[in-house]
Amino acid sequence: MKDFWRCGIIADDVRHLARAGTLDRAAVHWLPNCDPLHYYADPFGLWRDERLYLFLESFSYRRGIGHIDVLVLDTDLAIMERQVALQEPWHLSYPFVFEADGETWLLPEAHESGSLWLYRANSFPLGWKRAHQIVLDHVPLDASLIRHEGTWWLFYAPADPPGARLTSLCAAWAERLDGPWHPHPANPILVDAGGARPGGTPFVMDGAVHLPIQRCHGSYGSGLRLLRFDRLTPARATATVVSTFDAPASAAPFTDGCHTLSAAGGVTLIDTKQMRFSAAALAAWPERWLRRRRTPGDQFA
């Protein structure tokens, strides 16, 4: 069985969806994948000049390594452009894009590089340059940022040990985006067999930071839970799961999972999963193996 994801856009604020506690009543505008062996996942975005710039993990079973694509949509959510935004020798996913300090930044998941890199746009949306290396107590997975009450907070799952990747949540804080970053003394701040890996943009509701985290019962990314931080200081962090989200019924047949909930202005971005047997995806693995042998940069795949 292989995972195939599909991304969608909900024309509603993430806080309204959080209060509703379900995605089933939301109208979703679904985005197409490129071909049967390709999928888009991990949608993050921002608006500029009445255009939605949507950054996604782009993954093909033919190549077996992800990169970041950007889709440019108009106000009717029609796709105007589709281009590669960022490629590296290692797998890229979870393209957390945001604006701060008069700049546009990208914080993709890149743990196979052995680190976490913060990119600055020098020519948005296609020109990105590594600006800062964020060194923490663990190599982070799915790092998610928010500035709250004058402090930058970064939430992430540890890449090691592998058994903690889905079940442990860590945090770090900094006064400036470029650091220094301080791992929280209580790390991991949450350990939960039900899943604790970040799954979207943190946001503030009723004065408290809320973080979508992945639910992993049965399979990776089988759903989402919303975590509310009852206390979040450099010394203490306590949190409560306040709601859960499954893939909406309208996602059928992609109802086997849902692992991203991210805010982009007045819209909310999600992805949903279908698990299916794919002989073509299995047949593509020898092609991927040959490409890795011919391309030294693909040793990280």
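Predicted model: local features only at pLDDT ≥ 70, side-chain atom pairs only at ≥ 80, totals over all residues.

User: How many aromatic pairs does a search of the whole structure find?

Analyst: The search finds 13 aromatic pairs. One of them is formed by Phe 124 and Trp 128 and is edge-to-face.

User: What makes the pair of Phe 124 and Trp 128 edge-to-face?

Analyst: The ring centres are 6.2 Å apart, and a pair requires centres within 6.5 Å. The planes of Phe 124 and Trp 128 stand at 75°; an angle over 60 degrees counts as edge-to-face, so that label applies.

User: Why does Phe 124 count as partly exposed, and why does Trp 128 count as buried?

Analyst: Buried means under 20% relative accessible area, and exposed means over 50%. Phe 124 has 21% relative accessibility, so it counts as partly exposed. Trp 128 has 11% and therefore counts as buried.

User: Why is the pair of Phe 155 and Phe 229 called stacked?

Analyst: Their ring centres are 5.0 Å apart and their planes lie at 20°. Planes under 30 degrees apart count as stacked, so the label follows. The pair links distant parts of the chain, with Phe 155 in strand S12 and Phe 229 in strand S18, 74 residues apart. Both Phe 155 and Phe 229 are buried.

User: How do you know that the charged end of Arg 276 sits over the ring of Phe 4?

Analyst: The charged end of Arg 276 is 3.7 Å from the centre of the Phe 4 ring, and the distance criterion is within 6 Å; the position must also fall within 35 degrees of the ring normal. Likewise, the charged end of Arg 6 sits over the ring of Trp 30, 4.5 Å from its centre.

Key. Residues numbered from 1 in each chain as written. Heavy atoms only, no water. Phe/Tyr/Trp six-rings, centres within 6.5 Å; stacked < 30°, edge-to-face > 60°. Buried < 20%, exposed > 50% of the residue type's maximum accessible area, 1.4 Å probe, protein only. Helix = DSSP H or I, 4+ residues; strand = E, 2+ residues; numbered from the N terminus.
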